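Hi,

Here's the structure I promised to pass on. Have a look at it first, and then read my notes below.

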Amino acid sequence: MTHRPALLALLAAILAALPLPAALVAEEFFPLTNPADLGLGEDEEVGELVFRGAVEIEPDEFAIGGISGLDWADGALHAVADDGRWLRIVPDDINRRLVDVAAMEIGPLLETDGDELDDKERADAEAIAFDPAGGWLIAFEREQRIWRYVDYAGAPTATEDRAAELLSQASGNSGIEALAAFEGGFIACGEWASPDRPNCVRVTGTSASLFQLPAPQGIAEAGGVPTDAACKADGTCYVLFRSYRPEEGNRAAIVEVAGGVPPKTLAVLRPPMKLDNFEGLALREQSGKTYFYLVSDDNFRNCAEDDAPGCQRTLLAKFEIKSDAPPPPPADVTPPKDYETQTVVIETELGDITVALETERAPITAANFLRYAREDRFDGTVFYRAMKLDREPMPNGLIQGGTQQDPDRILPGIEHEPTSETGLSHTNGALSMAMGEPGTANGDFSIMLQDQTGLDARPDSDNPTWRNGYAVFGYVTGGMDVVAAIHARPGDPDKGEGVMKGQMLAEPVKIIDVRVVEQAD
């Protein structure tokens with residue numbers, strides 16, 4: 001069972017700063033979870049998807065279960081259950097992998113008059129979608145309808161009737177299961193896939209177009225039907241299919257639906273994978289990557305409470321759409337014009353990095369770097385470390401390179417110039433000296449990807465390391481794409497000590513030459 005109190009406390013502090021709907025008043029809690037075995041190896045590929053981890057969520061005292069719809073918005077997953085409840089789930093992702101659930105909230109869905117939905121015929125929520133224009137859509141079956149909300153923790157404000165023609169074909173326990181919104185419209189699909197009637201509708205403005213979306217090969221033969229959907233802002237949508245047969249268990253598939261082209265099957269999940277009744281699909285776009293979260297409906301027969309034959313699990317799984325495109329690099333920095341700087345080019349085997357050294361604001365540290373450059377002490381060294389942080393914007397962290405205490409290269413340590421005195425900061429593209437303690441910096445330096453202002457000096461800190469901070473002495477003015485390419489190099493999991501373990505590059509990047517661009521008189 002996963003318990004990480006310090007990390008969870010930190011995440012709770014972060015969550016407190018997220019923009020949340022004002023009416024969410026349910027108590028936040030940390031659910032009990034276990035790592036889930038889906039029969040997939042770490043980062044194993046399935047069709048066009050890459051597996052990025054899964055967890056099993058136990059019912060806990062809150063009776064978590066019955067989750068039947070999922071969406072991503074405002075830094076969290078939002079779900080509905082078929083017993084008339086909403087859920088807000090914050091996944092714990094480290095280095096793109098789902099490792100836990102950091103926090104959860106649960107509350108009741110309400111009637112139009114503000115009372116709780118307590119009748120199964122009216123409370124059977126099956127899909128939820130965040131509308132980019134504002135508000136939420138929730139689809140119900142049995143009493144077939146789609147309600148519109150300003151805030152799903154409050155009462156519905158309207159009935160969404162543009163999908164009425166599709167809703168008219170729904171009946172009983174086969175209603176609108178898939179629902180997802182995009183800029184200017186939404187897509188909805190019913191829980192059927194017979195060729196004699198449309199099962200989906202695409203709504204844009206006042207127009208509603210019915211269409212038939214067949215189950216893809218690999219799940220069609222098992223009776224696959226739509227069960228949720230997710231869309232990008234541009235209207236490219238993805239529909240989740242699921243099936244169940246007693247003799248084999250569950251299957252799932254994800255199909256891409258885009259205007260003007262035939263549907264494309266991204267992946268079919270089937271035995272011998274250890275699956276469950278996946279009914280929820282959410283899409284998250286992050287730093288040029290597209291991720292799916294899938295959640296299963298345990299039908300309130302959870303194995304954690306009763307492991308009798310036929311018991312089910314609430315699984316939350318994460319997949320990434322395969323892509324060779326790296327995330328966009330951070331932008332280059334333009335230093336202020338009213339301070340003296342010196343241009344230096346760091347030539348690496350991956351390309352050039354141009355920097356402006358702060359010769360006026362950090363004269364001691366900048367002069368030290370210039371001496372190493374002019375005496376060719378950097379030539380033939382390497383960038384050997386990449387610290388990767390799993391937070392937006394990405395890529396995020398720093399790279400480090402230099403002389404690595406080579407006695408033939410290093411010079412005596414220099415006087416420390418704290419940022420509290422220079423007025424500089426560890427913002428995106430900043431160059432900073434590596435050191436053990438003030439006065440020991442010599443020939444190793446780091447370059448920031450995104451803001452790392454926690455490395456700045458904090459004169460009021462009781463900790464001497466943070467009181468002094470690290471010395472910033474320049475900024476990258478060209479070549480942040482090269483910095484990002486170095487940062488993207490894989491680390492060696494066996495190299496490094498302490499917090500640096502795994503951060504040492506498996507293949508360091510050679511620094512060919514560091515040359516000073518002498519300025520004309």
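**Cysteines and one serine**

Cys311 counts as partly exposed, because its relative accessibility is 24%. Keep in mind that this is a predicted model.

Cys311 has a partner: a disulfide joins it to Cys303, with 2.1 Å from S to S. Cys303 is partly exposed too, at a relative accessible area of 22%. In case the term is new to you, a disulfide is a covalent bond between the sulfur atoms of two cysteines. The link of Cys303 and Cys311 is right-handed, with 95° about the S-S bond.

How many disulfides does the count come to? It's 3. Another one joins Cys189 to Cys200, again with S to S at 2.1 Å. Cys189 sits in strand 13 (residues 185-190) and Cys200 in strand 14 (residues 200-204), so this pair ties together parts that are 11 residues apart in sequence. Cys189 is buried, at 0% relative accessibility, and Cys200 is buried at 0% as well. This link is right-handed, with 110° about the S-S bond.

Then there's the disulfide between Cys231 and Cys237, S to S 2.1 Å. Both Cys231 and Cys237 are buried, and their link is right-handed with 100° about the S-S bond. Counting bonded cysteines along the chain, the pattern is 1-2, 3-4, 5-6.

I also looked at Ser174, which you'll find in the loop between helix 3 (164-167) and strand 12 (176-182). Is Ser174 buried or partly exposed? With a relative accessible area of 31%, Ser174 is partly exposed. Leaving out residues up to four places away in sequence, Ser174 touches Glu141, Gln144, Glu191 and Trp192.

Cheers

How values were computed:
Residues are numbered from 1 along each chain as its sequence is written. This is a predicted model: local features need pLDDT of at least 70, side-chain atom pairs count only at pLDDT 80 or more; totals for chains, interfaces and linings use all residues. Side-chain values use heavy atoms; hydrogens and water are left out. Helices (H or I, at least four residues) and strands (E, at least two) are DSSP runs, numbered from the N terminus. Buried means under 20% relative accessible area, exposed over 50%, partly exposed in between (1.4 Å probe, protein chains only). Contact means heavy atoms within 4.5 Å. A disulfide is a pair of cysteine sulfur atoms within 2.5 Å.
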